[in-house]
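Please look over the entry shown below before reading on. The notes that follow take up backbone geometry, the ligand site and aromatic pairing in turn.

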Amino acid sequence: ASTESQKDRLVTEEEWLRKWETGNIGFHKEQGHPLFQQYLDVLLNGRSGLRVFFPLCGKAVEMKWLADMGHSVVGVEVSEQALKEFFVEHNLPYCEEPVPEISGAKMLQSISGNITLYCCSIYDLSSSIVGKFDGVWDRGALVAVNPCDRQRYVSLMITLMEKNSSYLLVTVSYDPNKHKGPPFYVPESEIKSLFG
Ligand code: SAH
């Protein structure tokens, strides 16, 4: 199938905020994603105390699971509502701080310190702000960014990875002429060329 029909699609930040406000969040999985369980060992590869990044995190419950296993989690999400719901729904006390390097951004952090969620656009981040990661859980992230921003997104993700990091990527496969997305259809050949 040709991905031509989706290449000019744009979803604005305002549209994403509105989805959260109106509860139009069918992408959120209260029980987590089955592929996370299935591939967790690949992500961890026997290592402990990892730093794991959740791009476009929403209120993904897998962040809580990893933190409970002793890893530290960093996420980024434009919707402050999503991030607050995450902490509230898991009964996690948190604090809020501005991020000096990013105007208008906030950092919400669990009091225990092992979950740090940035409220800003992922494009505002860099490794000098968030450091580098041993693992990435990319579900509803690459497939949610606007097709025109894909290369920029992937190039940024590469700069956030440590040498031996593992990157778990979930994509969806369907006929892009029949649905406009998101999630967008990103074929395997494109994934290969994006990540190089
Ligand atoms: N990964 C999550 C959410 C997927 S939906 C999960 O698995 O449930 C995509 C999320 O990305 C939405 O919550 C949306 O608000 C957020 N988002 C969209 N564009 C963004 C951007 N440029 N920077 C950060 N977050 C963004």
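In which loop is asparagine 45 found? Asparagine 45 is found in the loop between H2 and strand E1 (51-54), where helices (H or I, at least four residues) and strands (E, at least two) are DSSP runs numbered from the N terminus. This is a predicted model, in which local features need pLDDT of at least 70 and side-chain atom pairs count only at pLDDT 80 or more, while totals for chains, interfaces and linings use all residues. Residues are numbered from 1 along each chain as its sequence is written, and side-chain values use heavy atoms, with hydrogens and water left out.

**Backbone geometry**

- Most residues other than glycine have a negative phi, and most peptide bonds are trans.
- Asparagine 45, although not a glycine, has a positive phi of about 50°.
- Glycine 181 and proline 182 are joined by a cis peptide bond with omega about 0°, and proline 182 is placed in the loop between strand E7 (161-170) and helix H7 (188-195).
- A cis peptide bond, again with omega about 0°, joins proline 182 and proline 183, and proline 183 is likewise found in the loop between E7 and H7.

**Ligand site**

- The ligand is surrounded by 14 residues, the closest being Trp20, Leu56, Glu77, Ile122 and Arg139; a residue is counted as near if one of its heavy atoms lies within 4 Å.
- This shell divides into 9 nonpolar, 3 polar and 2 charged residues, where Ala, Val, Leu, Ile, Met, Phe, Trp, Tyr, Cys and Pro count as nonpolar, Asp, Glu, Lys and Arg as charged, and the others, Gly among them, as polar.
- A polar side-chain atom of glutamate 77 lies 2.6 Å from an oxygen atom of the ligand, and a polar side-chain atom of tryptophan 20 lies 2.9 Å from an oxygen atom of the ligand.
- A polar backbone atom of isoleucine 122 is 2.9 Å from a nitrogen atom of the ligand; a polar contact here is a pair of N or O atoms within 3.5 Å.
- Of the 570 Å² of accessible area that the ligand has on its own, the protein covers 94%, as computed by the Shrake-Rupley method with a 1.4 Å probe.

**Aromatic pairing**

- The whole structure contains 9 aromatic pairs, defined as rings of Phe, Tyr and Trp (its six-membered ring) whose centres lie within 6.5 Å.
- Phenylalanine 36 and tryptophan 137 form an edge-to-face pair, 5.0 Å centre to centre with 85° between the planes; planes over 60 degrees apart count as edge-to-face.
- Phenylalanine 36 lies in helix H2 (residues 34-44) and tryptophan 137 in strand E6 (residues 133-139), so the pair ties together parts that are 101 residues apart in sequence.

Definitions and conventions
Polar contact = N/O pair within 3.5 Å; in protein donor to acceptor, adjacent residues only side chain to side chain. Phe/Tyr/Trp six-rings, centres within 6.5 Å; stacked < 30°, edge-to-face > 60°.
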